[in-house]
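Subject: Handing over the structure

Hi,

Here is the structure I promised to pass on. Have a look at it first, and then read my notes below.

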Amino acid sequence: VQLQASGGGLVQPGGSLRLSCAASGSIFSRNVMGWYRQTPGKQRELVATITDNDRTNYVDSAKGRFTISRDNAKNTVYLQMNGLKPEDTALYYCKLIQRTGDYWGQGTQVTVSS
């Protein structure tokens, strides 16, 4: 299983970005996909997750600003981030959890700065 994340970049405070993560390989229909983020010196933290039947979960700081969604036909998960703040600056990772294990994509950098 491989995950390819994209969509990071530099954005001004208040701006928006959309992250994408496409999974390939042996993907089972029952799975959970999610986004995590990490800054230097800190532990990786959960941002949002979504199950195969579209149940979502968000970290409190993301509620009302970020929206996670998925396209099961494409094995792709998205993270729409609006109202970005400097504290959202981090390396964002996608993750797939299924019965064969947990899989991580490479990080995509999000930098929020004026």
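First, a term you'll need throughout: contact means heavy atoms within 4.5 Å. Please keep in mind that this is a predicted model, where local features need pLDDT of at least 70, side-chain atom pairs count only at pLDDT 80 or more, and totals for chains, interfaces and linings use all residues. Residues are numbered from 1 along each chain as its sequence is written, and side-chain values use heavy atoms, with hydrogens and water left out.

Now the overall picture. The protein has eleven strands and zero helices; helices (H or I, at least four residues) and strands (E, at least two) are DSSP runs, numbered from the N terminus. The radius of gyration is 13 Å, close to the 13 Å that the globule rule gives for 114 residues, so the protein is as compact as a globular protein of that length. That radius is taken over C-alpha atoms, and the globule rule is 2.2 Å times the number of residues to the power 0.38. The C-alpha trace spans about 40 × 25 × 20 Å along its principal axes. Of the 114 residues, 38% are buried (buried means under 20% relative accessible area, exposed over 50%, partly exposed in between, with a 1.4 Å probe and protein chains only). Among contacts with a separation of 6 or more, 51% come from residues 24 or more positions apart.

Next, the sheet. Four strands make an open sheet in the order β1-β3-β8-β7, with antiparallel pairing. Its edge strands are β1 (2-6) and β7 (66-71), each of which pairs on one side only. Two strands count as paired if DSSP finds at least two bridges between them. From one strand to the next, the twist averages 15°; axes here are lines fitted to C-alpha atoms, for helices over the stretch in contact, and angles run from 0 to 180 degrees between N-to-C directions.

Five bridges pair β1 with β3 (residues 17-24) in the antiparallel sense. Ala-5 has Cys-21 as its bridge partner in β3, while Ser-6 stands opposite Ser-20. In a regular strand the side chains alternate between the two faces of the sheet. In β1, Leu-3 and Ala-5 make up the covered face, and Gln-2, Gln-4 and Ser-6 the uncovered one.

Cys-21 and Cys-94 form it, with their sulfur atoms 2.0 Å apart. The link is right-handed, with 55° about the S-S bond. Since Cys-21 lies in strand β3 and Cys-94 in strand β9, the pair ties together parts that are 73 residues apart in sequence. Both cysteines, Cys-21 and Cys-94, are buried.

What about the inside? The largest nonpolar core has 26 residues. Such a core is a set of buried Ala, Val, Leu, Ile, Met, Phe, Trp, Tyr and Cys residues joined through side-chain atoms within 4.5 Å. Those with the most contacts inside it are Trp-35, Val-47, Phe-66, Ile-68, Leu-79, Met-81 and Tyr-92. Leaving out residues up to four places away in sequence, Leu-79 touches several others, including Leu-17, Trp-35, Val-47, Phe-66, Ile-68 and Tyr-92.

β9 (90-98) is one of the strands that supply at least two residues of this core. β9 also forms a hairpin with β10, with two residues between them. The two run antiparallel and are joined by four bridges, and Ile-97 stands opposite Asp-102 in β10.

Finally, some loop residues. Gly-105 sits in the loop between β10 (101-104) and β11 and is buried, with a relative accessible area of 10%. Which residues is Gly-105 in contact with, leaving aside its neighbours within four places in sequence? They are Leu-3, Tyr-93 and Cys-94. The C-alpha atoms of Gly-105 and Gln-4 are separated by 5.6 Å, although the two are 101 residues apart along the chain.

Asp-54 is not a glycine, yet has a positive phi of about 70°; its place is in the loop between β5 and β6 (56-58). Asn-75, in the loop between β7 and β8, is not a glycine either and has a positive phi of about 50°. Asn-75 is partly exposed, with a relative accessible area of 25%.

Cheers

How values were computed. A disulfide is a pair of cysteine sulfur atoms within 2.5 Å.
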